[in-house]
Every structure is written in C-alpha cells, then in structure tokens.
Amino acid sequence: MAGDYAYDRVLLKLSGEALAGDLGYGIDPKVVDDLADQISEIVKDGVQVAIVVGGGNIFRGLAGSAEGMDRAQADYIGMLATVMNSLALQDAFERHGIYSRVQSAINMQEVSEPYIRRRAIRHLEKGRVVILAAGTGNPYFTTDTTAALRACELDVDVLMKATKVDGVYDCDPVANPDAKRYDTISYMDVLSQGLHVMDATATSLCMDNDLPMIVFDLTKKGNISRALKGENVGTKVE
C-alpha cells in the first residue's frame, strides 16, 4: 500500500455542483484549488487517482431543467459540461505540480485524449491523475454509472463518492435531525431501502464486482486523505 494509505488506486466521483461551491453555478476557483491541494497530497504519497466529475454546475438536463428538450440531446450537452469541468480540474492540478490527463468518451482530440483503458492504466502507473470526461459517451447513463464502470475497468481498490454530508443516512439528515448514520452498509441494503447513494445501475455494478465505496464529506478539507487512511470520516458500502 502507498505510504500510510489503505488503498493504492482510487477513483473519486465528484458532482458538478461540488465545483460550484457557494456560487451555486459554474466553477468556484477556490473550491477547485482546495481540491487540487488535497489531491496533490495523496498523489505525492504514491496513491494512483482517477476522477469522474459531473456537469450539473453547468447544465442540469437530467434534472429536468432542459424541459421540452429531447432526452438524448440534453444528455449530450451534459457530457460536454463534464469536459469543461475536467479541463478546469486539469488546469488546477498542473498549477499544483500534479501531472494529469483528460480522457474523453467523446472524441475531441484538440483538448483531450480518447478514453482508452490500457492508456489510462499506464498514466495511473506513472503517477498521473486521469480525469475521465463525457460520461460513458452514451445518453441515458449518469456520471454515477460512469464512475462505477470506469472504477471496475481500471481495477481500482475503492470508489470514493464525494458529497456534502458525512456518509449514508437512513433518511434525509437535513429534514430529520434523528437520522441515523451508517458506518458500514451493504449494497443490498442500499438497494432494498432505496437509499440515494448512487443510482441503481451504478450500485448494482459495484455490488456485482465486489467494489467497495466510501461516501464522505468533501467540504471538510483533508477528508480525502483521512478516508483513504481508514479513518471513520464517512460510510463504507460493500
């Protein structure tokens, strides 16, 4: 294992909204800079990192904001939004001295590499952060499903789901102050209880391939490193 970390290779799933920070829309430079700082710490300690980021801070076609638009067309626009976020992350990482590559599921050779599994693995082995853009390249699939798929393809040790809460609860902790937080929970319980950790396709894919997931609060600086060291900063799903 790399340094004091419990995992050698990880995939971090970020929502687009996480990049917006307090702005609520677009990309907050401070949030991206803080994230790059956290990623820099673990990469320099030898952890291999891949990232899948959503595009909801720029376009929310899946959430219905594109009312009346063809679903497939809206999904393609959302994929392009993830490319914008990926390029912003790459810029921040490289300003922090982290080598990175953007690989897109939609071919756009002027700004990114095509997603090629073996090339992505080689980048990881060389210590480069691989930012996986444009979802799966197909409409009707979420970036949650993309994260689960790429995590399985790249043979990562754990999928890290970054959120604004400190784990998985039995109900909404904002609406119910008595909500119970789980330290650990099975994928089957997540599905049977209808807990909104990831969509059902992504959850089933992780379960079928024995891929553990850590759900944690990204807003607390240092939580990425603490989670990877096995500290109780979130919920482990397996």
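**The nonpolar cores**

Reader: How many residues does the largest nonpolar core have, and which of them have the most contacts inside it?

Author: A word on the basis first: this is a predicted model, where local features need pLDDT of at least 70 and side-chain atom pairs count only at pLDDT 80 or more, while totals for chains, interfaces and linings use all residues. Residues are numbered from 1 along each chain as its sequence is written, and side-chain values use heavy atoms, with hydrogens and water left out. A nonpolar core is a set of buried Ala, Val, Leu, Ile, Met, Phe, Trp, Tyr and Cys residues joined through side-chain atoms within 4.5 Å, where buried means under 20% relative accessible area, exposed over 50%, and partly exposed in between (1.4 Å probe, protein chains only). The largest core has 39 residues, and those with the most contacts inside it are Leu12, Ile39, Leu89, Ile224 and Leu228.

Reader: Which helix gives the most to this core?

Author: Helices (H or I, at least four residues) and strands (E, at least two) are DSSP runs, numbered from the N terminus. With six residues, the top contributor to this core is helix H2, residues 29–44.

Reader: What is Leu89 in contact with, leaving aside its neighbours within four places in sequence?

Author: Contact here means heavy atoms within 4.5 Å. Counted that way, the partners of Leu89 are Leu14, Leu19, Val32, Leu35, Ile51, Val53 and Ile131.

Reader: And which residues does the second, separate core include?

Author: This second core is made of 29 residues. Among them are Leu11, Leu124, Ala151 and Val168.

**The largest pocket**

Reader: How much space lies in the largest pocket?

Author: The search runs on a 1 Å grid over the protein atoms alone: a cavity is a set of points where a 1.4 Å probe fits but cannot get out, and a pocket is an open set with protein on both sides within 12 Å along at least five of seven lines, with lining residues having an atom within 4 Å of a point. Grid points are joined across faces, edges and corners, and a volume is the space filled by probe spheres set on the points. For the largest pocket, this comes to about 1000 Å³.

Reader: Is Ser15 buried, partly exposed or exposed?

Author: Ser15 sits in the loop between strand E1 (9–14) and H1, and touches Val53 and Gly54, not counting residues up to four places away in sequence. Because its relative accessible area is 24%, Ser15 counts as partly exposed.

Reader: Where does the side chain of Asn138 reach a backbone oxygen?

Author: Asn138 lies in the loop between strand E5 (129–133) and helix H5 (143–153). A polar contact is a pair of N or O atoms within 3.5 Å; within protein, one must be able to donate a hydrogen and the other to accept it, and residues adjacent in sequence count only if both atoms are side-chain atoms. At 3.2 Å, the Asn138 side chain reaches the backbone oxygen of Thr136.

Reader: How far is a polar atom of the side chain of Asn57 from the backbone oxygen of Gly26?

Author: Asn57 belongs to the loop between strand E2 (48–53) and helix H3 (71–95). With a relative accessible area of 0%, Asn57 is buried. Its side chain places a polar atom from the backbone oxygen of Gly26 at 2.9 Å.

Reader: Which backbone oxygen does the side chain of Ser104 reach?

Author: Ser104 is part of strand E3, residues 100–104, and is buried because its relative accessibility is 2%. At 2.5 Å, its side chain reaches the backbone oxygen of Ile106.
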